Amino acid sequence: MRLLFNHADAWGLTLIIGSVCLLLHDAFSLPHLVLILTLAGTAWFAFALNDYFDAPFDAHDPLKSARNYFAGHPASPVILLSSVIILVAILLILGTFGGRGLIVFGVAFTAAWAYSAPPLRLKRRPGYDLITHALFVQTAPYAITLILIGVAWQTFDVLLLALLALSSLGAQLEQQIRDYELDRRLERNFTTVIGQKGAARLLRLVTVGFTLIGVGGAVGGYLPFKLLPFALIGAPLIAHRFLRRADAPRSERLAFGAVIAALLYTGSLWGAALIR
């Protein structure tokens, strides 16, 4: 059960992002709900895979060890069998979208493996760690939803993909700043190379860019008004980046609370759409 709900904020965010795409394209439907649930399952699998390969390193830190199921438990035959079943289910559901779905499955699995597993382990290759995170963690759920539901891309889609890439990049920097002391003893990443203060400066620069694109898109009328509740929910997280010390981690309670609030709002949108 603990493994099932691990990283709920991450796969929950995937649900939100996919739902936003459907909302903006007026594409809420039961089959599309199955699609974004499948994408959330894919995100869950990717984070579980990451935890599996991180376990030897996370075991050196009590807090990270407590968050990583595999740091205290071996990968039992039941877990391995369950993983295979989940992968097959994801493949079958994405396969209903034809060749596009199969390509999405192949790219997603390859990216998850390359990011976490040796010999590539891109998360420990400075520069590649940020690029991979920015391209896949928050950006991919929106892009994949767009591709698989087959709608025409709009200006707001391009703006949102840029915002999601910057948001994902910022989240990776926040994580590396939080784990700096442990990471610099065990492996390399972007922040261990440039230091916490340098990463914090880049984080604030990324946040400024994110804010300017968001505000500019809203004022220019390119971003729909429907997104305002999500912007209000995320505003405290943005403000906190400028208010805390350079070496201070983000507030996990604040981040988790924002995801829960966004999920509740997303759920209300789904409820309204499905009872129409």
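A residue is taken as exposed when its relative accessible area is over 50%, and as buried when that value is under 20%, with partly exposed residues in between. In the predicted model examined here, Ile 103 has a relative accessible area of 56% and therefore counts as exposed. Ile 103 is located in helix α5 and belongs to a nonpolar surface patch that also contains Val 107, Ile 131, Leu 135 and Phe 136, the accessible area of these residues together being about 460 Å². Two or more residues of the patch are supplied by each of α5 (99-116) and α6 (128-136), and α6, with 3 residues, makes the greatest contribution.

Apart from residues up to four places away in sequence, Ile 147 is in contact with Arg 100 and Trp 153. The C-alpha atom of Ile 147 is separated by 9.0 Å from that of Gly 101, although the two residues are 46 residues apart along the chain.

The buried residues of α12 are Ala 255, Ala 258, Val 259, Ala 262, Thr 266, Leu 269, Trp 270 and Ala 273. In an α-helix there are 3.6 residues a turn, so residues three or four places apart point the same way. The cover over the buried residues of α12 includes α1 (8-24), α2 (30-58) and α11 (228-243).

A search for aromatic pairs across the whole structure returned 9. One of these pairs joins Phe 230 and Tyr 265 in an edge-to-face arrangement, with 5.0 Å from centre to centre and 70° between the planes. This pair links distant parts of the chain, since Phe 230 lies in helix α11 and Tyr 265 in helix α12, 35 residues apart. The two partners fall into separate accessibility classes: Phe 230 is buried, with a relative accessible area of 16%, whereas Tyr 265, at 22%, is counted as partly exposed. Elsewhere, a single aromatic cluster is formed by Phe 45, Tyr 52, Phe 53, Tyr 69, Phe 70, Phe 105, Phe 109 and Trp 113.

Technical notes: Residues are numbered from 1 along each chain as its sequence is written. This is a predicted model: local features need pLDDT of at least 70, side-chain atom pairs count only at pLDDT 80 or more; totals for chains, interfaces and linings use all residues. Side-chain values use heavy atoms; hydrogens and water are left out. Buried means under 20% relative accessible area, exposed over 50%, partly exposed in between (1.4 Å probe, protein chains only). Helices (H or I, at least four residues) and strands (E, at least two) are DSSP runs, numbered from the N terminus. Contact means heavy atoms within 4.5 Å. Patches are made of residues with over 30% relative accessible area and no salt bridge: like charges are joined within 9 Å, nonpolar side chains (Val, Leu, Ile, Met, Phe, Trp, Tyr) within 5 Å. Accessible areas come from the Shrake-Rupley method with a 1.4 Å probe; for residues, only the protein chains shown count as cover. A salt bridge is a side-chain nitrogen of Lys or Arg within 4 Å of a carboxyl oxygen of Asp or Glu. Rings of Phe, Tyr and Trp (its six-membered ring) pair if their centres lie within 6.5 Å; planes under 30 degrees apart count as stacked, over 60 as edge-to-face and the rest as tilted.
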